[in-house]
Amino acid sequence: MPTSVRNVCFDAVDPYQLATFWSQVLDQPIAAECAPGLEEAYLDAVGGSSLYFQRVPESKAGKNRVHVCLTPELKRDEETERVMALGATLVSDHRNPDGTGWVVLADPEGNEFCVLRSTAERAG
Amino acid sequence: MPSVKQVQITFDCAQPERVARFWCEALGYVVPPPPTGFATWDDVDRTLPPERQGSAFACVDPAGVGPRLFFQRVPEGKAVKNRLHLDVRVGTGLVGAERVAALEAECARLVALGAVRVQLLPADGYNESCLVMQDVEGNEFCLD
């Protein structure tokens with residue numbers, strides 16, 4: 001039987017709040033059965049897989065060894081500004097003067113993620 | 001304006017190609033073809049400066065549905081439990097003993113490929129059973 005990636009699962013202190021941030025980043029709704037205060041929250045499918053957030057007792061310790069990279073529809077710099085307005089914070093800026101490179105941001109619970117160039121920017 | 005995006009999952013690794021090859025076997029993913037003008041990724045690698053050779057590898061869902069996985073070499077080893085992990089769909093729609101049997105069968109296949117069985121989390125009345133494993137570099141994932 002073929003397998004597939006069902007979820008990308010995030011440990012979270014506040015699953016619904018973190019799901020709300022990622023829902024806005026990805027423009028994907030939170031599943032209707034989820035609500036604040038529950039142990040889990042998740043988005044409807046993203047690229048065939050869902051983002052899933054589960055409450056854990058411990059908070060984040062150290063840099064994540066697995067992270068999400070986004071290839072936006074918007075230009076990289078516009079997307080960076082948009083997600084920072086949603087509550088992301090800058091971790092490190094790897095943008096180059098020639099237009100290449102990426103930005104490392106952190107979500108509201110400190111999970112690192114990257115904003116890459118859009119497909120159009122890469123093609124250009 | 002809605003901003004539809006492509007999502008990629010990136011793993012920090014000691015040996016990117018080794019971890020990528022494991023996930024290809026686990027998920028039925030494939031290594032994308034090398035750029036035009038190169039017969040193999042090894043040929044591409046040989047054009048890189050020595051410090052960048054073997055530093056990254058990728059695999060993709062041939063059906064174009066699941067996220068691209070990217071593996072990058074980092075100097076540090078894994079120190080704590082990952083705060084992000086993949087849930088691998090194995091027993092969808094199955095319940096009870098039939099589901100556990102499907103999870104254990106897939107677990108046995110992946111252990112033969114170098115993965116480690118961590119523990120079975122039995123169904124608790126809210127969630128169905130799932131089986132926690134680690135890949136060849138200790139990255140946690142669940143058979144779900």
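# Close-up views of a predicted two-chain model

**View 1. Strand E3 of chain B pairs with two strands.** Strand E1 (residues 6-13) of chain B runs parallel to strand E3 (residues 68-73) of chain B, and six bridges join them. Two strands pair if DSSP finds at least two bridges between them. Strands (E, at least two residues) and helices (H or I, at least four) are DSSP runs, numbered from the N terminus. B:Thr10 has B:Phe70 as its bridge partner in E3(B). Strand E2 (residues 56-59) of chain B pairs with E3(B) in the antiparallel sense, over four bridges. Here B:Ala56 stands opposite B:Gln72.

This is a predicted model: local features need pLDDT of at least 70, side-chain atom pairs count only at pLDDT 80 or more, and totals for chains, interfaces and linings use all residues. Residues are numbered from 1 along each chain as its sequence is written, chains are lettered from A and ligands numbered from 1 in the order in which they are written, and side-chain values use heavy atoms, with hydrogens and water left out.

**View 2. Helix H1 of chain B.** The helix covers residues 16-27. Its 12 residues should span 16 Å at 1.5 Å a residue, and its end C-alpha atoms are 16 Å apart, which agrees. The expected span is 1.5 Å times one less than the number of residues. Buried residues of H1(B) include B:Pro16, B:Val19, B:Trp23 and B:Leu27. Buried means under 20% relative accessible area, exposed over 50%, partly exposed in between (1.4 Å probe, protein chains only). B:Gly28 follows H1(B), with a positive phi near 70°.

**View 3. Aromatic pairs in both chains.** The structure holds 11 aromatic pairs over all chains. The rings of A:Trp22 and A:Phe113 have centres 4.9 Å apart and planes at 65°, so this pair is edge-to-face. Rings of Phe, Tyr and Trp (its six-membered ring) pair if their centres lie within 6.5 Å; planes under 30 degrees apart count as stacked, over 60 as edge-to-face and the rest as tilted. The pair links distant parts of the chain: A:Trp22 sits in helix H1 (residues 15-26) of chain A and A:Phe113 in strand E7 (residues 112-115) of chain A, 91 residues apart. A:Trp22 is buried at 0% relative accessibility, and A:Phe113 is buried at 0%. In chain B, B:Phe22 and B:Phe141 form a tilted pair, 6.1 Å centre to centre with 55° between the planes. B:Phe22 lies in helix H1 of chain B and B:Phe141 in strand E7 of chain B, 119 residues apart. B:Phe22 is buried, with a relative accessible area of 4%; for buried B:Phe141 the value is 1%.

**View 4. Strand E7 of chain A and its neighbours.** Both faces of E7(A) are covered. A:Glu112 and A:Cys114 lie on one side, A:Phe113 and A:Val115 on the other, and all are buried. Strand E4 (residues 66-71) of chain A runs parallel to E7(A), joined by three bridges. A:Leu70 stands opposite A:Val115. Strand E6 (residues 101-106) of chain A runs antiparallel to E7(A), joined by four bridges. A:Ala106 stands opposite A:Glu112. The hairpin of E6(A) and E7(A) has five residues between the strands, and A:Gly110 in this hairpin takes a positive phi near 90°.
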